[in-house]
Amino acid sequence: MRDAVIDRPGLSERLSRAMTGRESGDGLPFRIRGDTIKSFAIEVNGEADGALEDVRQIAERHHMQFMHTHDASLAVVWDEPGGLFVDVLDPRFWLVHTTAPMRWARSKLRAVVSGSPSVDWCWLTSRMMDRMRLQGEERWFKADFRGGSLLPAEGTKGRRLKVQLEGDDPLDLQRVLRDAGYQSSTALTGVALTLRDPDLGNVDEAAYYRGSFSGRGDSFDLHLGFVSQVIQHYAAQVRSTEDRYGIAWKIEESGGASLSGGLIEVVFARPISRMDQFLAGLFSCREPFRLWAVPRPVSERFVEAEVVDLHVGQRFRMDITPDGIRIYLCRGGCGNTLYRLLANLQHRFDAAARTASEDVDQDRFYGQFHEDS
Amino acid sequence: MGRGRDQASRRIAPPDEHSSFPSSQVGWFVERRLIPINAWIALHRGEGGWPAKLAEQGFRIHRFEAPVQTDAGRVVVDGVSVADDLRAVIPTECKSGQSIENDQAERYAAMTAGNVARFVGLPFDSSSAELSPMYACLEESKTGVVVDLDRLKLPFAVLSVSDERVVLDARGNGLVRSFEQPVPHGSPPRYVVLDVDSADDEFVEYLLPELIASAGRGKEYVALEDLLKAVVAFWEIYGGPAKRRMIEKARNALARAFGRHFQNVFQFEATGTAGGDIIRVINSPAVFDPRGRTQSWQGLQRRASASVGRTPPRARPAPGQQVLFEDLGLGIDLGD
């Protein structure tokens, strides 16, 4: 079989049927099972000739089968337990859909992400998660804050906080926690909503900050619309950050040099109290930060670092103070690095950490796509 | 940019008795020689908590390292700023030492807006533009700079920077207004970190991470010049002799570090047309089995730390009470 007999409308129809238990996967090389659609957003800085070729090569490396479809930006990848529909309409920000068990799909993608410097998750910041809630009726929220590696055991309020609440107005609990002084530990890890559309039906939608989504209900289109909007917003943020803040020195034809780009500032609501622990945790080379550095402490209140993002093999500069960090991305560097850092700082050090730089992790992109949709 | 090596300008911050850093680790500042140019940039851009005091007066950065021919001779201006509304031009010389070079100062004195327009362009008509030079220096050097300028009867503005404040003394420069402003603790945003006068050790500090990044991308061979291009702000603008000097410094410094701390990891290629300027990555954790990769990167971190005379920060493990809960079968679900 050279191509899977499926195109984009066909995928939508089949996955909508799967959501209502009426699809078995006839004509596909794997069974469609389950009524929940899982979607993952990954960022791929491809090197091969076209995104589909990247998909093929990645599948091959991970011992999976690859198949084209009747759509030029859609591929099918599978092995024995199940299959993935890989949507590369945006050749850099891919959406991967499946009805296979979450555990299987996540382990496959985790292997891809950890095994390749060109593939990363899309890391949704607290602000992005927060804005997502406006798209439907809130049903559920989850905070999972793990400060063990960056925060000292003594003298820290809310070093580990995990709560999960389902029901009407779940965000009330988030407000209670914040008002009680736990704003720096109340990470917005996951949200669940009910999406309603008079034409398409209803979908219960859950989103996790590491760019994964799960939808159950009447319509794959409704699920896809929600996921696409979030990831379009994310992609716009990453690209804007790279364009505006990537630092470059340019030789001017008329003589001399000019500087473009600039530093990005992240401001903490919870100051760093133990700089040595913060540095040891941040630069441990381990997941989720995967940062390498030999920091130069000027004093307890100011540290310089030339940092290597081991995930993508790129260097950037960082100045660290108790109240925040300055980040210097190189032109041509990957903006995803910044969002991975910010989203994970919000889950490991200070849930209230925010950027103070214009157009970085801001709402206006969201509005732009909301209006377009 | 304040040519002339100034070893004494590097300093160790005084140890803080409450610091959790060993005093031997309270380390090197970005070269103080380069503080004035970075402060000058910050005052135009207002980043990192630094006040945009020059931008508030209408100035923006026009050029760095601008070669300008005057009637008194050629000078490479460290930074040129312009105010479009005022049609004003301020060429700035950033000094590290206590004194100024007379010939260079005379060239600044002879400079006109027309000279700048001719050699690096201006965004407005130079015929009606005004120009007045400025010197930028560390606060401890200000007295010497002012004495020299007075001796030469040059009314240039003087911008001085310390760890606590930045002061602009307009003196006879009618295009800017004086100010004194506190600045945040630490260096100004570090855009310029290496130049031709940087110490050998500084090359290791900045080039090694770039090399590690290349190893992280799985590269087997890395050109020394590519490392320098990535890190040295004005690399492309430097002439051949300056580039050769920097390559030599970088090669010597890295070769020492490789010999002492990175045997079987990095080495200079001994042969070939660019012999000595190509680094071979012999062992990169990027190609190791994923299960041991993190430990291998940490190993490189320890080697790099040793090569720059520091130890990596380590924190006492503090797992909290989670383990106790787990022993009771009440473990918090770790999820992903």
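Helices (H or I, at least four residues) and strands (E, at least two) are taken here as DSSP runs, numbered from the N terminus. The model is a predicted one, in which local features need pLDDT of at least 70 and side-chain atom pairs count only at pLDDT 80 or more, while totals for chains, interfaces and linings use all residues. Residues are numbered from 1 along each chain as its sequence is written, chains are lettered from A and ligands numbered from 1 in the order in which they are written, and side-chain values use heavy atoms, with hydrogens and water left out.

Contact means heavy atoms within 4.5 Å. Among contacts in chain B between residues at least 6 apart in sequence, 58% join residues at least 24 apart.

Within this chain, helix H6 (residues 200-216) and helix H7 (residues 224-231) have axes that come within 9 Å and cross at roughly 110°. Axes are lines fitted to C-alpha atoms, for helices over the stretch in contact, and angles run from 0 to 180 degrees between N-to-C directions. H6(B) and H7(B) are therefore roughly perpendicular to each other; angles under 35 degrees count as roughly parallel, over 145 as roughly antiparallel, 65 to 115 as roughly perpendicular and the rest as oblique. On the H6(B) side, the residues B:Phe203, B:Tyr206, B:Leu207, B:Glu210, B:Leu211 and B:Ser214 meet B:Leu224, B:Leu227, B:Leu228, B:Ala230 and B:Val231 of H7(B). Sorted by class, this contact has 9 nonpolar, 1 polar and 1 charged residues (Ala, Val, Leu, Ile, Met, Phe, Trp, Tyr, Cys and Pro count as nonpolar, Asp, Glu, Lys and Arg as charged, and the others, Gly among them, as polar).

Turning to chain A, helix H7 (residues 275-282) is mostly covered, with 8 of its 8 residues buried. These include A:Met275, A:Phe278 and A:Leu282, along with A:Asp276 and A:Gln277. Among the elements that cover the buried residues of H7(A) are strands S15 (291-292), S17 (302-309) and S18 (314-321), and helix H8 (336-348), of chain A. The loop between H7 and S15 of chain A holds A:Pro288, and a cis peptide bond joins A:Glu287 to A:Pro288, with omega about 0°.

A:His63, in the loop between helix H2 (51-61) and strand S2 (65-68) of chain A, is a residue other than glycine with a positive phi, near 60°. A:His63 is exposed, at a relative accessible area of 68%. In chain B, B:Arg171 lies in the loop between strand S7 (165-169) and strand S8 (179-182), and its phi is also positive, near 45°. B:Arg171 is partly exposed, with a relative accessible area of 26%.

Finally, the cysteines. A search of the whole structure finds 0 disulfides over all chains, a disulfide being a pair of cysteine sulfur atoms within 2.5 Å. For A:Cys334, the nearest cysteine sulfur is that of A:Cys122, 9.8 Å away, and A:Cys334 is buried, with a relative accessible area of 5%. The sulfur of B:Cys94 lies 9.4 Å from the closest cysteine sulfur, in B:Cys137, which is too far for a bond. B:Cys94 also counts as buried, at 1% relative accessibility.

Definitions and conventions: Buried means under 20% relative accessible area, exposed over 50%, partly exposed in between (1.4 Å probe, protein chains only).
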